[in-house]
Amino acid sequence: CLLSIIDARRSSQRGGTIRVNASKSISATLTRALAQVNATIKAKLDDFFGLSEYDWTPSTRETGPSMYLYGLVNWLTTVVDTLVIKEVYRDDAYKSAVEYLADCMMVGFVRLRRVASKGAHHRCACLGFLDRTEYTHD
C-alpha cells in the first residue's frame, strides 16, 4: 500500500518543472548574517576604545601611529582572517571596520576641546596609517 502511494507521487512529478524560489530569502539571510558580523566587530572595537590606552594627547611629537593602534589593527586582521566566509565578504568586513575605527578616532579627537599641535600631528599619523592599511589574505 505504501509502495503504491510513493510510486504514484513519483510518477506525477515526471517531466514537470520543479521551481525553487528561495533566492530572495537566501540573499536576505546573507545580508543579515554579514550585518551581524560587522556589528559584532564594531561592538568589540567599541569595547577596545572604552578600555583604551590610546594617548589622545601625547606629551611628545609622535612621527608614527601609536602602538595601541598597531595592536588594534593586528587584532582586526586576525579576526577577519578567522571568518569562514568568502574573501569578498572578509574584504568588506575589514574595510567597514577600518572605516569605523577611523570614525571613532575622529569623534575622540573632536571631543577634546583643545588638541595641542603634538596631538594634531599624532592624529594625522594615526589616520594616515589607517588610510594605508589594507587587508591581505593568508
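How much accessible surface does the chain have, and what share of that surface belongs to carbon and sulfur atoms? The accessible surface comes to about 9,900 Å², and 55% of it belongs to carbon and sulfur atoms, with areas taken from the Shrake-Rupley method using a 1.4 Å probe and, for residues, only the protein chains shown counting as cover. The model on your screen is predicted, so local features need pLDDT of at least 70 and side-chain atom pairs count only at pLDDT 80 or more, while totals for chains, interfaces and linings use all residues. Residues are numbered from 1 along each chain as its sequence is written, and side-chain values use heavy atoms, with hydrogens and water left out.

Of the 138 residues, 25% are buried, where buried means under 20% relative accessible area, exposed over 50%, and partly exposed in between (1.4 Å probe, protein chains only). Among contacts (heavy atoms within 4.5 Å) between residues at least 6 apart in sequence, 77% join residues at least 24 apart.

Next, select Leu-101 and Leu-130, which touch the most other members of the 22-residue largest nonpolar core. The elements giving two or more residues to this core are α2 (23-50), α3 (67-82), α4 (87-111) and α5 (117-132), and α4 provides the largest share, eight residues. A nonpolar core is a set of buried Ala, Val, Leu, Ile, Met, Phe, Trp, Tyr and Cys residues joined through side-chain atoms within 4.5 Å. In soluble globular proteins, nonpolar side chains tend to be buried together. Staying on Leu-130 and not counting residues up to four places away in sequence, you will find that Leu-130 touches Leu-69, Val-73, Val-98, Leu-101, Ala-102 and Met-105.

Not counting residues up to four places away in sequence, Leu-34 touches Ile-85 and Tyr-89; Leu-34 and Tyr-89 are 55 residues apart in sequence, yet 7.6 Å apart in space, C-alpha to C-alpha.

Finish at Ser-96 in helix α4, which counts as buried because its relative accessibility is 17%. Leaving aside neighbours within four places in sequence, Ser-96 is in contact with Asn-38 and Lys-42.

Key: Helix = DSSP H or I, 4+ residues; strand = E, 2+ residues; numbered from the N terminus.
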